[in-house]
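Thanks for coming, everyone. Let me put the structure up, and then we can walk through it together.

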Amino acid sequence: MKKLASVILALILVFALCITASAANDKVITVGATSTPHGEILEFVKDALAEEGWELEYVPFDDYVLPNMALADGDLDANYFQHTPYLNSYNESNDTDLVSAALIHYEPFGLYGNGVDSVDAAAAGATILIPADDSNETRALLLLQQEGFITLPEDASAEKGINHLDIVDDGGYNIVPVQADAVPAQLENSDEGTLAVINGNYALQAGLKVENALAIEDASGDAAQTYANIIAVRNGEEESEKTLALVNALLTDEVKDFIADSYNGAVVAIF
């Protein structure tokens, strides 16, 4: 009888430990993000989440594909590195169903030059590096058209999407698509006179300052909303307890001030 009672007690203890571990895990929010500025912003809200009883686990990534794969596979509760056009393109290409839970910030694309100090100083026939993935290539080409380097079809838009093969008139420039995270290094190692359109976060990581850009995207239109960086989650989890806790911690005046003070215009809060 004592042996049976001991077995029952052991089973009860194991069950209790499992419940406790499960409950603890339910209070962990695992978020994948690129390091700058996304990871830095996540680190900033850790304490605020802890005060609400949540543990934020930030998982760093250095590319634009793996964070969505990990989210779709259930390894992450959310990710924070992309804008909606890129997410839509990823979903279409990979048959995934990831959605935006909130708009957080906007990173103006910049045009930078190796030994070039103004748009007017760009040499005829210069090479211009641009990010190669679908939505960011569109964005780069729209910036080049904005600055008069190229001409695009009349109906070119962020929503419709465009690539370098659709350029109507390249102005004699050599437009070269490159993997987005490799553009800063390629510009640094390029011949003098080379230009490059660089994603905001990769420019930050490379030590480039937006005030030194030859040109940036015009934010007077809908670009800020279209290209706002988002918290992405699996479809159906937009209102989950974890998602709401994360989003509420991010959409605060404290985070807005942190972004303004930390990035000097290279990152702009969108809320």
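Which residues form one aromatic cluster here? They are Tyr 64, Phe 81, Tyr 86 and Tyr 202.

Before I go on, a word about what you are looking at. This is a predicted model, in which local features need pLDDT of at least 70, side-chain atom pairs count only at pLDDT 80 or more, and totals for chains, interfaces and linings use all residues. Residues are numbered from 1 along each chain as its sequence is written, and side-chain values use heavy atoms, with hydrogens and water left out.

Back to the rings. I call two rings of Phe, Tyr or Trp (its six-membered ring) a pair if their centres lie within 6.5 Å; planes under 30 degrees apart are stacked, over 60 edge-to-face, and the rest tilted. The structure holds seven aromatic pairs. One of them joins Tyr 64 and Phe 81, a tilted pair with 5.7 Å from centre to centre and 40° between the planes. That pair links distant parts of the chain, 17 residues apart: Tyr 64 sits in the loop between β2 (55-61) and α3 (66-72), and Phe 81 in strand β3 (residues 78-83). Helices here (H or I, at least four residues) and strands (E, at least two) are DSSP runs, numbered from the N terminus.

Tyr 64 also pairs with Tyr 202, this time stacked, at 5.1 Å centre to centre and 20° between the planes. Tyr 202 belongs to helix α7 (residues 200-205) and Tyr 64 to the loop between β2 and α3, so this pair ties together parts that are 138 residues apart in sequence.

Strands count as paired if DSSP finds at least two bridges between them. The sheet is open, with six strands in the order β2-β1-β3-β10-β4-β11 and mixed pairing. Its edge strands, β2 and β11 (268-269), each pair on one side only. Strand β1 (residues 28-34) runs parallel to β3, joined by three bridges, and Val 31 stands opposite Ala 78 in β3. With strand β10 (residues 228-234), β3 pairs in the antiparallel sense, again over three bridges. There, Asn 79 stands opposite Ala 232 and Tyr 80 opposite Ile 231. As for cover, six of the six residues of β3 are buried.

Asp 95 follows α4, and its phi is positive, near 55°.

Last stop, helix α2 (residues 35-51). Its 17 residues reach 24 Å from first C-alpha to last, close to the 24 Å expected, where the expected span is 1.5 Å times one less than the number of residues. Where does α2 bend? At Val 45, by about 35°, taking the bend as the angle between axes fitted to the seven residues ending there and the seven starting there. Val 45 is among the buried residues of α2, as are Ile 41 and Leu 49. Gly 53 follows α2, with a positive phi near 90°.

Methods:
Buried means under 20% relative accessible area, exposed over 50%, partly exposed in between (1.4 Å probe, protein chains only).
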